[in-house]
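This report describes the helix packing, the nonpolar cores and selected local features of one protein model. The sequence and the structure are shown first.

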Amino acid sequence: MAQVTVMDHPLIQHKLTIIRQKDTGTKDFREVVSEIAMLMAYEVTRNMPLEDVEIETPLVKSIQKTLSGKKVAIVPILRAGLGMVDGFLAMLPAAKVGHVGLYRDEETLQPHEYFVKMPADIAERQLFVVDPMLATGGSAVAAIEALVKRGAKPRNIKFICLVAAPEGVKVLNDEYPEVEIVTAALDEKLNEIGYILPGLGDAGDRLFGTK
């Protein structure tokens, strides 16, 4: 069974419809991607561990809940993943941010890393790998492979995207079954050139106004 969670919250679905539309401009696309990322961050942190702490309210001393110190890092896959970082940082302002840069070989179509910069204590952190699209799954697998090579534990990695294709979900599940995939939508399929249908086009180009 595919390990994938689809976030069907009404606000997420509404905002996803906005960025799917071809006439949504760069400014609005960028802002709404960040908003969706913030809403998804709220949901994917639901099971973060808590611990008791004694505080003093204006009236009494009291035992209350606080995050138990689980270290977090947000890891965008360059370049489109950058569009989701600020939304996550709005919810997790103390998180570290790592980066994975990949390029695709024009002949083999295989992804290769060209830049990886991570916090030194990556093995101890909960990692949220973010990329708007999970299409063929090649970039996602390559990014997670880059993290694992540097000491990350697959069970501590969540892959978070806005739109996923069933083909990409299967590839990532087969390669890293411990990595949970969280998406705002599981779309129909890939077309013949690897774009998700119905999808939202090229997320990087739409975020940064390039062609």
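## Basis of the description

Helices (H or I, at least four residues) and strands (E, at least two) are DSSP runs, numbered from the N terminus. The structure is a predicted model, in which local features need pLDDT of at least 70 and side-chain atom pairs count only at pLDDT 80 or more, while totals for chains, interfaces and linings use all residues. Residues are numbered from 1 along each chain as its sequence is written, and side-chain values use heavy atoms, with hydrogens and water left out.

## Packing of helix 1 and helix 2

Two packed helices are described by the angle between their axes and the distance between the axes. Axes are lines fitted to C-alpha atoms, for helices over the stretch in contact, and angles run from 0 to 180 degrees between N-to-C directions. Helix 1 (residues 10–20) packs against helix 2 (residues 26–44) at an angle of about 155°, and their axes are 10 Å apart. Helix 1 is therefore roughly antiparallel to helix 2; angles under 35 degrees count as roughly parallel, over 145 as roughly antiparallel, 65 to 115 as roughly perpendicular and the rest as oblique. The crossing of helix 1 and helix 2 is left-handed. A crossing is left-handed if the near helix is turned anticlockwise from the far one by less than a right angle, and right-handed if clockwise.

In this contact (heavy atoms within 4.5 Å), helix 1 contributes Leu11, Ile12, Lys15, Leu16, Ile18 and Ile19, which meet Phe29, Val32, Val33, Glu35, Ile36, Leu39 and Met40 of helix 2. The residues of the contact of helix 1 with helix 2 comprise eleven nonpolar, no polar and two charged. Here Ala, Val, Leu, Ile, Met, Phe, Trp, Tyr, Cys and Pro count as nonpolar, Asp, Glu, Lys and Arg as charged, and the others, Gly among them, as polar.

## Packing of helix 4 and helix 5

Helix 4 (residues 138–149) and helix 5 (residues 166–175) have axes that come within 8 Å and cross at roughly 25°. These two helices, helix 4 and helix 5, are therefore roughly parallel to each other, and helix 4 passes helix 5 in a right-handed crossing. On the side of helix 4, Ala140, Val141 and Ile144 meet Val171, Leu172 and Glu175 in helix 5. Of the residues in the contact of helix 4 with helix 5, five are nonpolar, none is polar and one is charged.

## Nonpolar cores

In soluble globular proteins, nonpolar side chains tend to be buried together. A nonpolar core is a set of buried Ala, Val, Leu, Ile, Met, Phe, Trp, Tyr and Cys residues joined through side-chain atoms within 4.5 Å; buried means under 20% relative accessible area, exposed over 50%, partly exposed in between (1.4 Å probe, protein chains only). The largest nonpolar core has 37 residues, and those with the most contacts inside it are Leu16, Ile19, Met40, Phe88, Ile160 and Leu162. Two or more residues of this core come from each of helix 1, helix 2, strand 4, helix 3, strand 8 (126–130), strand 10 (157–164), strand 11 (180–186) and helix 6. Helix 2 gives the most to this core, namely eight residues.

Leaving aside residues up to four places away in sequence, phenylalanine 88 touches Ala37, Ala41, Val44, Ile74, Phe128, Val130 and Ile160. A second, separate core of 28 residues includes Ala73, Leu102, Leu147 and Leu172.

## Cis peptide bonds

The peptide bond from leucine 78 to arginine 79 is cis, with omega near 5°. Arginine 79 belongs to the loop between strand 4 (72–78) and helix 3 (85–91). A cis peptide bond also runs from leucine 197 to proline 198, with omega near 0°; proline 198 lies in the loop between strand 13 (196–197) and helix 6 (203–208).

## Selected residues

Asparagine 47 is placed in the loop between helix 2 and strand 2 (50–56). With a relative accessible area of 72%, asparagine 47 is exposed. Asparagine 156, in the loop between helix 4 and strand 10, counts as buried at 12% relative accessibility. Not counting residues up to four places away in sequence, asparagine 156 touches Lys70, Ala123, Arg125, Gln126 and Leu127.

Glutamate 43 is found in helix 2 and is partly exposed, with a relative accessible area of 25%. The C-alpha atoms of glutamate 43 and histidine 9 are separated by 9.5 Å, and these residues are 34 residues apart along the chain. Tyrosine 195, in the loop between strand 12 (189–190) and strand 13, counts as partly exposed at 37% relative accessibility. Tyrosine 195 touches Lys189, Leu190, Gly201 and Asp202, not counting residues up to four places away in sequence.
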